[in-house]
Amino acid sequence: MDALDIVVPVREQPVNEQLRYALRSWAANLAHGRVWIVGYRPSWADGVRHIPTRQAGTKYANTTVAVRAACEHPEVSDRFLLANDDFFVMHPVEEMPVLHRGPVRHVEAYYAARASGLYLRGMRETRDLLVDLGHRDPLSYELHVPLPVEKAGMLKALDVGRHLDVLHKRTLYGNLAGLGGTEMRDVKILHRAPHGYDGGVFLSTMPDSFAAGHVGQHIRRAFPKPCRYETGRR
């Protein structure tokens, strides 16, 4: 079986050091075909394919536009890995497993105890849509790890959820497609402190924890050399 392409939506910003080190980690550790940057391509990114998109909405709307554009592009592999620009693969992975975060109701309770806002509202609305469609206890696929995606199934999910302005598209797709998978805790490190990362395969950061935190230092030490997806310019 051919290795899957990686699709990564990228917002408009000129440098994006998280993307640089994510690409280094994928080049070193994640078996894949081509890398598709959808949205904004930094000037230093080389050896990648690019699908430009107009980023005129919220970050949620912009990433939905990006995922649709990738699914509709004839040269993107029919199955691909959907990633973000802050997903790091720290150890070799030959075939990306399907991973989920457990029932949406558990993830919702976690966020409801800490904050409210658009993300939580989108989670609830996506859950309610799935329940209406017969998925009584849907799983959350909103992990900060790559997700294997089939183009036709994702397009169907985007059409089903097109009325939601903060669509949890990974979750809607994963449940409609019956992905199943293995439950794991999320790997995003939110803070600067030297704890939280357990040495596992997958890792993700916030801009501040990457730039000024212990976890960012660890990632930069792990991948010090430019990879085939960089020109070397900064």
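Q: Phe88 and Phe210, buried or exposed?
A: Both Phe88 and Phe210 are buried (under 20% relative accessible area; exposed is over 50% and partly exposed is in between, with a 1.4 Å probe and protein chains only). This is a predicted model, where local features need pLDDT of at least 70 and side-chain atom pairs count only at pLDDT 80 or more, while totals for chains, interfaces and linings use all residues. Residues are numbered from 1 along each chain as its sequence is written, and side-chain values use heavy atoms, leaving out hydrogens and water.

Q: How many aromatic pairs in the whole structure?
A: The search finds four. Rings of Phe, Tyr and Trp (its six-membered ring) pair if their centres lie within 6.5 Å; planes under 30 degrees apart count as stacked, over 60 as edge-to-face and the rest as tilted.

Q: What about the rings of Phe88 and Phe210?
A: Their centres are 5.9 Å apart and the planes are at 5°, so this pair is stacked. Tyr21, Phe88 and Phe210 form one aromatic cluster.

Q: And Tyr111 with Tyr119, how are the planes set?
A: They are at 50°, with the ring centres 5.2 Å apart, so that pair is tilted. Tyr111 counts as partly exposed at 22% relative accessibility, and Tyr119 counts as partly exposed at 24%.

Q: New topic: which ring has the charged end of Arg24 over it?
A: The ring of Tyr21, with the charged end 4.5 Å from its centre. The rule is NZ of Lys or CZ of Arg within 6 Å of the ring centre and within 35 degrees of the ring normal.
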